[in-house]
Amino acid sequence: KRNGLKDGWFVFDSLLVLMMVSETWVMTTFLFIFGGGSSSAMGDASILRMARLLRLSRMARMARLFRAMPELLILIKGMMAAMRSVFFTLCLLAIVVYVFGIA
C-alpha cells in the first residue's frame, strides 16, 4: 500500500479523480454561493473535462500487451465466442427454474 504513490498510473488516476471531484462538487458549490448560481461561469472549468480524455491513454497499454502476447488475444476471443452459448444456457436455466417454481 505504501508503494502506491510510486506507481505513475496510480498517481495519474488519483490526480484525475481529484480534479473531477473539485470540478463537480467544490467549484459548483463555490460558484453557486459566490457567483449567484449562474452556470456560465463554469465554461472555463470545462478544460478539466478534457483531462479525462487522457485516461484513454491507458488503453494504449492494453494494445501493447496484446501485441506482446498474442495468446492472450486468442483466449479473449475464445471467451467472447463462448459467452453467447453461456448466456443462452443461463436463460434456459432461468426458464426451467421459473416454470418449476410456479408448478
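The expected span of a helix is 1.5 Å times one less than its number of residues. Helices here are DSSP runs of H or I with at least four residues, strands are runs of E with at least two, and both are numbered from the N terminus.

A word on the model before we go on. It is predicted, so local features need pLDDT of at least 70 and side-chain atom pairs count only at pLDDT 80 or more, while totals for chains, interfaces and linings use all residues. Residues are numbered from 1 along each chain as its sequence is written, and side-chain values use heavy atoms, with hydrogens and water left out.

Now step back to the whole protein chain. It has four helices and zero strands, in the order α-α-α-α from the N terminus. Of its 103 residues, 7% are buried, where buried means under 20% relative accessible area, exposed means over 50%, and partly exposed falls in between (1.4 Å probe, protein chains only). The protein chain exposes about 9000 Å², 74% of it from carbon and sulfur atoms; these areas come from the Shrake-Rupley method with a 1.4 Å probe, and for residues only the protein chains shown count as cover. A contact means heavy atoms within 4.5 Å. Among contacts between residues at least 6 apart in sequence, 55% join residues at least 24 apart.

Back in helix 1, look for a kink of about 35° centred on serine 22. The bend at a residue is the angle between axes fitted to the seven residues ending there and the seven starting there. Asp13, Leu16, Glu23 and Leu31 of this helix are buried. Valine 11, also in helix 1, is partly exposed, at 38% relative accessible area. Leaving aside neighbours within four places in sequence, valine 11 contacts Gly4 and Leu5. Leucine 5 sits in the segment before helix 1 and is exposed, at 68%.

Finally, turn to helix 4, residues 70-102. Its 33 residues reach 48 Å from first C-alpha to last, close to the 48 Å expected, and the helix bends by about 30° at methionine 83. How many of its residues are buried? The number is zero, so helix 4 lies largely in the open. Leucine 92 of this helix is exposed, with a relative accessible area of 54%. Together with Ile95, Val96, Tyr98, Val99, Phe100 and Ile102, Leu92 makes a nonpolar surface patch of about 780 Å².

Methods
Patches are made of residues with over 30% relative accessible area and no salt bridge: like charges are joined within 9 Å, nonpolar side chains (Val, Leu, Ile, Met, Phe, Trp, Tyr) within 5 Å. A salt bridge is a side-chain nitrogen of Lys or Arg within 4 Å of a carboxyl oxygen of Asp or Glu.
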